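Look at the model below. The walk starts with a sheet and its helices, then turns to the pockets.

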Amino acid sequence: MEGAMQTESKIRVDSGTEHGPRGPGCSLRHFACEQNLLSRPDGSASFLQGDTSVLAGVYGPAEVKVSKEIFNKATLEVILRPKTGLPGVAEKSRERLIRNTCEAVVLGALHPRTSITVVLQVVSDAGSLLACCLNAACMALVDAGVPMRALFCGVTCALHSDGTLMLDPTAKQEKEARAVLTFALDSVERKLLMSTTKGLYSDAELQQCLAAAQTASTHVFRFYRESLQRRYSKS
Amino acid sequence: MKETPMSNCERRFLLRAIEEKKRLDGRQTYDYRNIKISFGTDYGCCIVELGKTRVLGQVSCELVSPKLNRATEGILFFNLELSQMAAPAFEPGRQSDLLVKLNRLLERCLRNSKCIDTESLCVVAGEKVWQIRVDLHLLNHDGNIIDAASIAAIVALCHFRRPDVSVQGDEVTLYTLEERDPVPLSIHHMPICVSFAFFQQGTYLLVDPSEREERVMDGLLVIAMNKHREICTIQSSGGIMLLKDQVLRCSKIAGVKVVEITELIQRALENDQKVRKEGGKFGFAESMANQRITAFKMEKAPIDTSDVEEKAEEIISEAEPPSEVVSKPVLWTPGTAQIGEGIENSWGHLEDSEKEDEDEGGSDEAVILDGVKMDPGVEVSNIGSQDAPIVLSDSEEEEMIILEPDKNPKKIRTQTISATQVKAASKKPVKKRKKKRAAN
């Protein structure tokens, strides 16, 4: 409780600093995360970014089908289910992006011939869905105790037609944006693990978005750290 | 993943406990677990927790043409999905029996009971009606999926608001959410399923079985009832034989339980409506328990991006310059352009290439895929100079023929000119340009 209050006061101090030439567009929405909320999966997490909410469940390391087993590392599978309708091509492409990110950080070599399954359920979509899925997947993997060499987070940037950069855009902002870029960054050195973009932008703008995402990821990792500190604290 | 089999001692323990009227979680025989209902920010979205069993429900609507034999009624579509996170055994191919059974039961409970007025979903008779789609996802399986799913379905339907429509003569206006407040569905009554698990050939009965109890039960009786004590659906599965008074007793218990659950649902719906009207915060973020040690929240955090431009410029200046941009595309005809040249044909030389040696036009390969007149400004290999079709290979399997575009604009030249370009060392032949580029 105290920890939560301290964080809130710290953030209020930060809001005194200047927003910079980008104006008031640059802020992350209200975050919330709950871990271990489902009893059946080995690890589960619900991640909320503003109104976007994703529930992740992890099973693993567990038995793997012989057709899918890899002799020297764990088989990682990601399943993303939309809220309405049957899963389509967009879900498949997001699953692949999330899987590539997870494979880069999960130490699969410690559990050969096993399977680690990450199941994601979209609970509500109000912008920055892929970033929210990445964050939920990371928290669920941590909750499941899957060995990883780093944590990862997802940050979405939207570029307006006049060049304004917006972080963590809402659905409306994403629709009106000229380009939407999502990055997955790792926690050790803020290096880029995965990027997917849609729209038109110059290479200078790409580097600017990446730099902004790296700054934003600091906040996300601080959130992870504090939420885990709260969970494992003795008081 | 295979379901972990239940050990014999656990099975015996559970059955012995039930014989002594004891349950693992300390409930009484007729007790329900705690039901918690939370709503999301959009209308029609809710999560119902029955103990640890969790179901997510979402209602959506769409305007479609009605069914031919029911031209004035809207369409209802129910779909319950057993998500793979609900239990390790729920794999895409493996859960069909249970899935079909649950879906059928849900449909009978909600559709056949006519709890939703489908006539009110009609917009233009015979042309446009509303299709209401209810998607339910099981998120965690701790027993009694059908009860949780039926509660989630009816709560989501009561919570849902569809866009307002007005019909004036021939004109139909669909108002967006900003223009006019959305309208709730017209629901006559709320059918709720109550499950009874039977053990030892019907001797012992438990209400709201948990997952462990479901594994050792002999049979299941599901009664769907509304608060007016009308039975909407009744189903007995598992092959146990029940006596008439057992069934009557269960229906009495179900009547009591349904009244309690309906009250709970009404209270939850009213609360949510009140919060929305007063402008307070609503949605899943608010329903997340603050006090739990596993939950954590962070308020809106501003990010300082003032140094973003400098950082970006640093990176760009240190980075290598981007590789040579591809040369300007050469437009052959509207719809056909060429960028760069292909690489050498790796299939090797084809036979009978002497005939085509005269074609050493200065340009690259000219494969025209829609035989419209070529751009005269571009040099083209002079295959077109010949009148007769050129056969490049005398293999009997296939005849590769060049068709002249000059002669007959309709014909399509599809031929590989690899053989023609053999002599021209600098030219790189391609079979079919598009394919080759794909291979590159």
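Contact here means heavy atoms within 4.5 Å. Axes are lines fitted to C-alpha atoms, for helices over the stretch in contact, and angles run from 0 to 180 degrees between N-to-C directions. Helices (H or I, at least four residues) and strands (E, at least two) are DSSP runs, numbered from the N terminus. The model is predicted: local features need pLDDT of at least 70, side-chain atom pairs count only at pLDDT 80 or more, and totals for chains, interfaces and linings use all residues. Residues are numbered from 1 along each chain as its sequence is written, chains are lettered from A and ligands numbered from 1 in the order in which they are written, and side-chain values use heavy atoms, leaving out hydrogens and water.

Start in chain B. Helix H2 (residues 96-112) lies across S11, S13 and S14 of chain B. H2(B) runs at about 155° to S14(B). Helix H3 (residues 145-159) of chain B lies across S11 and S13 of that chain, at about 175° to S11(B).

Now the sheet itself. Two strands pair if DSSP finds at least two bridges between them. Four strands of chain B make an open, antiparallel sheet, ordered S12-S11-S13-S14. Strands S12 (204-207) and S14 (231-237) of chain B each have a single partner strand, so one side of each lacks a neighbour in the sheet. On average, neighbouring strands of this sheet are turned by 20° against each other, direction ignored. S11 (residues 192-199) and S13 (residues 219-225) of chain B pair over seven bridges. B:Ser195 stands opposite B:Val222 in S13(B).

Next, the pockets. On a 1 Å grid over the protein atoms alone, a pocket is an open set of points where a 1.4 Å probe fits, with protein on both sides within 12 Å along at least five of seven lines; lining residues have an atom within 4 Å of a point. Points are joined across faces, edges and corners, and a volume is the space filled by probe spheres set on them.

The largest pocket holds about 540 Å³. Its lining has 25 residues; A:Lys68, A:Glu77, A:Ile79, B:Gln84 and B:Glu91 are the closest to its centre. In chain A, S5 (75-81), H2 (89-105) and S6 (115-124) each supply at least two lining residues. The lining divides into 10 nonpolar, three polar and 12 charged residues. Here Ala, Val, Leu, Ile, Met, Phe, Trp, Tyr, Cys and Pro count as nonpolar, Asp, Glu, Lys and Arg as charged, and the others, Gly among them, as polar.

The second largest pocket has a volume of about 410 Å³. Among its 18 lining residues, A:Arg94, A:Leu130, A:Val180, A:Thr182 and A:Lys198 are the closest to its centre. H2(A) gives the largest share of this lining, four residues.
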